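Hi there,

Here is the structure I promised to pass on to you. Have a look at it first, and then read my notes below.

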Amino acid sequence: MVDIDKKFMREAIRRAKKGLGRTSPNPAVGAVIVRRGKIIASGYHKRAGGPHAEIEALEKVGGKADADDTLYVTLEPCNHYGRTPPCTHAILKSGIKRVVVGMRDPNPEVEGEGCHWLFERGIQVKTGVLESECRKLIENFIKFVSTGRPFVIAKSAMTLDGWTAVSTGDSKWITNEMSRRFVHRLRNRVDSLMVGIGTVLSDDPSLTTRLPYEKGRDPVRIILDTHLRMSRHAAVINHDSASKTLIMVGDHVSSKKINGLQKEGVAIMKCPTEEGRIELTGLMDILGKESLTSVLLEGGSTLMGAMIRKKLIDKFYIFKAPKILGSGDGRPMAAGPGPTRMDECLGLKDIQVKRFNDDILIAGYPDY
C-alpha cells in the first residue's frame, strides 16, 4: 500500500533539490500543496532573502487553500522574522488545516517553534516523514547551524593501487569524463572549493564549474597559501567568474605583499598558523563567519592528510579508476604521519557505491 505522506514528501524533496547551492546560508527547502490526492501547487527556496518554499507554493493558489488541502514541506516552517516574515502566519492565514513536515528545524534556538505554533492554532501537524532523506538534503546547513562551521566534503580520484598522480605530479586524467562531470555537479552545489597552494602551483586550475547542458554556479575558491606564493598570472585569479577567490595566508605575511596581489581583484585573509602552516581548526571558524556552509576539499595530499588528522572532514567522495600505476613513487591521496596499526585507520560508514562506466565512486561519512 502506498504511503501517501511519503509519496508527496518525496515530491517536496525533489523540488528542494532545485535550490541546492543557491540558498546559502539558508537551507534548500521544497513544498507541495495537495488537494484530493493531486499536487495543485509547489515551490522551493531559490535564494537567501527570497520567498521560502511554503510561500512560493501558497502564492500559486493566491494565498488561499481549502480546509482539506495538505501542505508538505521538507523543513519545519519558520516562526520568526528574518529576511522574510514567518511562514507559519501565511500558512494559518491560507486556511490549510494539515501540514506534513519532513524534519524539524535543526537550529537549536528555534527547533519545534513553528510546529508548536501551528498546532496551538488548530492545525494538524505531522513531523518526521522521510526525515533521514530530508536531513541528508541539508546536511551542510545542519552542521553550520549547530557548530558555526562549514560541512566539509573531501573528494579524491585515484588508481586501483591508490595513487592520485604519477611521480611528476601529472594527474590528468585519472577518472573518465562521466566521473569528472559528477564532480562539476558537486561544485555546482557547494558554497566553496578549497585547495592548497601546491595544487595551484603544479596544476594551475581555474576551479570553476563546467556543466555540459547548463550554466553552472562557481563556488568561492579558497586557496591555502601560508606564505603567499600565488602568482598574479594564475588561472584561479585570471578568470571571468562572478564568484570570488579567497586566499588564506599566515599572519606573518606583510601588508605590502598582500596589497600587491589584492590589486588583481582577489580577497586575502590572514589566519593563525601552526607549525608553519594555516591552523585548520581556526580556519573552519573563519570560513563559518564568512557564511560558507559547505566546502569541497579537492587537494592536495598534504592538506588532505592534515584535514583527516584534525577530524575536520564530514564526508568523502573517493573515485577509483581502472588504472594501475605499478610503482611506489606516485602521489598519495593523503600525506603526513599516519596510524601505526590497521585498527587505528579511519573507517567510513553509511557507504554508497556508484558506478560511472568503468570508474567506481565510494561515498561515506568518517567514523571518528
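This is a predicted model: local features need pLDDT of at least 70, side-chain atom pairs count only at pLDDT 80 or more; totals for chains, interfaces and linings use all residues.

Residues are numbered from 1 along each chain as its sequence is written, and side-chain values use heavy atoms, leaving out hydrogens and water. Helices (H or I, at least four residues) and strands (E, at least two) are DSSP runs, numbered from the N terminus.

**Two helices**

Two packed helices are described by the angle between their axes and the distance between the axes. Helix α3 (residues 87–94) packs against helix α4 (residues 113–120) at an angle of about 25°, and their axes are 10 Å apart. Axes here are lines fitted to C-alpha atoms, for helices over the stretch in contact, and angles run from 0 to 180 degrees between N-to-C directions. That angle makes α3 roughly parallel to α4 (angles under 35 degrees count as roughly parallel). On the α3 side, the contact (heavy atoms within 4.5 Å) is made by Thr-88, His-89, Ile-91 and Leu-92, and on the α4 side by Gly-114, Trp-117 and Leu-118.

**Aromatic pairs**

How many aromatic pairs does the structure hold? There are 5, where rings of Phe, Tyr and Trp (its six-membered ring) pair if their centres lie within 6.5 Å, and planes under 30 degrees apart count as stacked, over 60 as edge-to-face and the rest as tilted.

One of them joins Phe-8 and Tyr-72: the ring centres are 5.6 Å apart and the planes are at 40°, so the pair is tilted. Phe-8 lies in helix α1 (residues 4–16) and Tyr-72 in strand β3 (residues 70–75), 64 residues apart. Phe-8 is buried, at 4% relative accessible area, and Tyr-72 is buried at 2% (buried means under 20% relative accessible area, with a 1.4 Å probe and protein chains only).

Another is Phe-182 with Phe-319, whose centres are 6.1 Å apart and whose planes are at 65°, so this pair is edge-to-face. Phe-182 and Phe-319 also belong to one aromatic cluster with Tyr-317 and Phe-356.

**A helix with buried residues**

Which residues of helix α11 (residues 301–309) are buried? They are Leu-303, Met-304, Gly-305 and Met-307. Their cover includes β6 (151–159), β7 (192–196) and α10 (280–289). After α11 comes Lys-311, with a positive phi near 60°.

Enjoy exploring!

Notes:
Angles under 35 degrees count as roughly parallel, over 145 as roughly antiparallel, 65 to 115 as roughly perpendicular and the rest as oblique. Buried means under 20% relative accessible area, exposed over 50%, partly exposed in between (1.4 Å probe, protein chains only).
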